[in-house]
Amino acid sequence: MSSHKSSKPLLALPGSYGIPFFSSIYDRLQFYYFQGRDKFFKTRADEYKSTVFRTNMPPGPFMAKDPRVICLLDALSFQVLFDVSKVEKKDLFTGTYMPSTSLTGGYRVCAYLDPSEPKHAMNKKLLFSLLSSRHAHFLPEFHATFAKLFDGLDAGVGGPKKTAEFNSLNDVSSFDFCCRTYFGVDPASTSLGTAGPAAVTKWLAFQLHPLLVVGLPKILEEIFLHTFPLPPFLVKSDYKKLYNYFSSAASKVLDEAEAMGMKREEACHNILFATCFNSYGGFKVFLPEIMKWVGQAGEPLHQRLRDEIRSVVKAEGGSITVSGLEKMELTKSVVYEVLRIEPPVVYQYARAKKDFVLESHEASFEIKKGEMLFGYQPFATQDPKVFADAEKFVPGRFVGDGAAMLRYVYWSNGRETDAPTEGNKQCPGRDFVVLVGRLLVAEFFVRYDSFTVEIGTSPLGSSVNITSLTKAT
């Protein structure tokens, strides 16, 4: 350990892992059922009077090699998770356990690779190239696919039930949008047909089930979801359908991958994962959260957004353009605020690659090589020592001088003010995701004046029902 140079007191890490095996099961039950996620962390932070402490994280025995982690709950300590000089991310995408590679064609895809591994840079370079080569298709494909979603909202709200399920419509539109934008091939025109969203959702569940609560009786969820891995062969046929689509639709991308020295088959599994897990899986969670927070904010925000969006669109000649989106300061801020207050990925993991000293706001702690670090992002990005009214949705938080606070927005596995590179683990599609969020808000308020929502929960986030729509006047 290097000499301690911080002005903050060097303290022993609080917390305990308890009795091997039994304590991890106890903590898992507290996490999922008896306390719930937020109370689980808050109770321990209050007990230890520290935002950094030791604990066990699910899933625990049989699924995780080692459930013991050092928990990071503040905006300062959380940032070490991005420092590749101090930590590594090998096989830590889903946390203390790793799904079977049988779910990804037998390959460790890019999300599970550390930047120190040669294949990481190659895979990420391919993804950067894909995004760059298709950027001209982002806006027209979004407009085309999400116009169908809006038609579905109109039909639902105007129908007998007087309500429309945003999530189910979003699943279809988001999958079609990703495929058409990245590859120019409508999945409905291929043998995959309309089966894509359901196949991906099932495949995602087989990777994430140790972390999900789906509403079954507790004993059944513990036995069938949280204790043992689900056998990959049960989703093999679904994955094969997806693979067949990508092997054909992404042929130009795969040609480029082979020219870079990658195996075509391995590249296809990586492209499939990036499209279905990272992109589609992200939009499956993120876009309903936008509708949730904007819908709950009500008419005052809706008026401000529609005034801004429509004035810019008019000045741009009647169309939504990239340059126009950049001028929509409130729209941008709203999207960043959703990413801050309810990030689509709530957990981040890393393993210390050397001994170092970690700092929180109040203290510093010795971290030993090999220890697992875990960050719960909603607490870090709602840190009251960084953000005023941290637990409130503040639409204009990042307007004007507030943009400086984007350095504390971490949803993309990095600071929003940093750039994704081949040498870090920040999401290569970071800017694309933010663009899509802005497009949803802009397209919506070109078409509608206002709306109301009812909010529920789903295994992956919020469920949003649209209960009224006021067409643009």
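Which residues line the largest cavity?

1. Basis of the note. This is a predicted model, in which local features need pLDDT of at least 70 and side-chain atom pairs count only at pLDDT 80 or more, while totals for chains, interfaces and linings use all residues. Residues are numbered from 1 along each chain as its sequence is written, and side-chain values use heavy atoms, with hydrogens and water left out.

2. The largest cavity. Met98, Pro99, Ser100, Thr101, Leu103, Thr104, Tyr107, Arg108, Val109, Tyr112 and Gln207 line the largest cavity, which has a volume of about 50 Å³. A cavity here is a set of points, on a 1 Å grid over the protein atoms alone, where a 1.4 Å probe fits but cannot get out, whereas a pocket is an open set with protein on both sides within 12 Å along at least five of seven lines, and lining residues have an atom within 4 Å of a point. Grid points are joined across faces, edges and corners, and a volume is the space filled by probe spheres set on the points. By class, this lining has six nonpolar, four polar and one charged residue, where Ala, Val, Leu, Ile, Met, Phe, Trp, Tyr, Cys and Pro count as nonpolar, Asp, Glu, Lys and Arg as charged, and the others, Gly among them, as polar.

3. About 340 Å³ of space lies in the second largest pocket, which is lined by 18 residues, with Lys65, Asp66, Thr96, Arg351 and Met372 nearest its centre. The lining has eight nonpolar, three polar and seven charged residues.

4. Salt bridges. The structure holds 30 salt bridges, each being a side-chain nitrogen of Lys or Arg within 4 Å of a carboxyl oxygen of Asp or Glu. Arginine 108, one of the residues lining the largest cavity, forms a salt bridge with glutamate 117, the closest N and O atoms being 2.9 Å apart. Glutamate 117 is buried at 18% relative accessible area, while arginine 108 is partly exposed at 27%; buried means under 20%, exposed over 50%, and partly exposed in between (1.4 Å probe, protein chains only). Glutamate 299 and arginine 306 also meet in a salt bridge (2.9 Å, N to O), and here glutamate 299 is partly exposed at 34%, whereas arginine 306 is buried at 13%.

5. The side chains of glutamate 362 and lysine 385 form a salt bridge (3.4 Å, N to O). Glutamate 362 lies in the loop between strand E7 (356–359) and strand E8 (364–367), and lysine 385 in the loop between helix H14 (377–380) and helix H15 (430–447), so the pair ties together parts that are 23 residues apart in sequence. Glutamate 362 is partly exposed at 44%, and lysine 385 is exposed at 56%. Elsewhere, a network of salt bridges links Asp151, Asp154, Arg447 and Lys471.

6. Backbone points to check by eye. The peptide bond from proline 58 to proline 59 is cis, with omega near 15 degrees, and proline 59 is found in the loop between strand E2 (52–56) and strand E3 (68–72). Phenylalanine 62, in the loop between E2 and E3, has a positive phi of about 80 degrees although it is not a glycine, and its relative accessible area of 56% makes it exposed. Aspartate 389, in the loop between H14 and H15, has a positive phi of about 50 degrees, again without being a glycine, and counts as partly exposed at 48%.

Technical notes:
Helix = DSSP H or I, 4+ residues; strand = E, 2+ residues; numbered from the N terminus.
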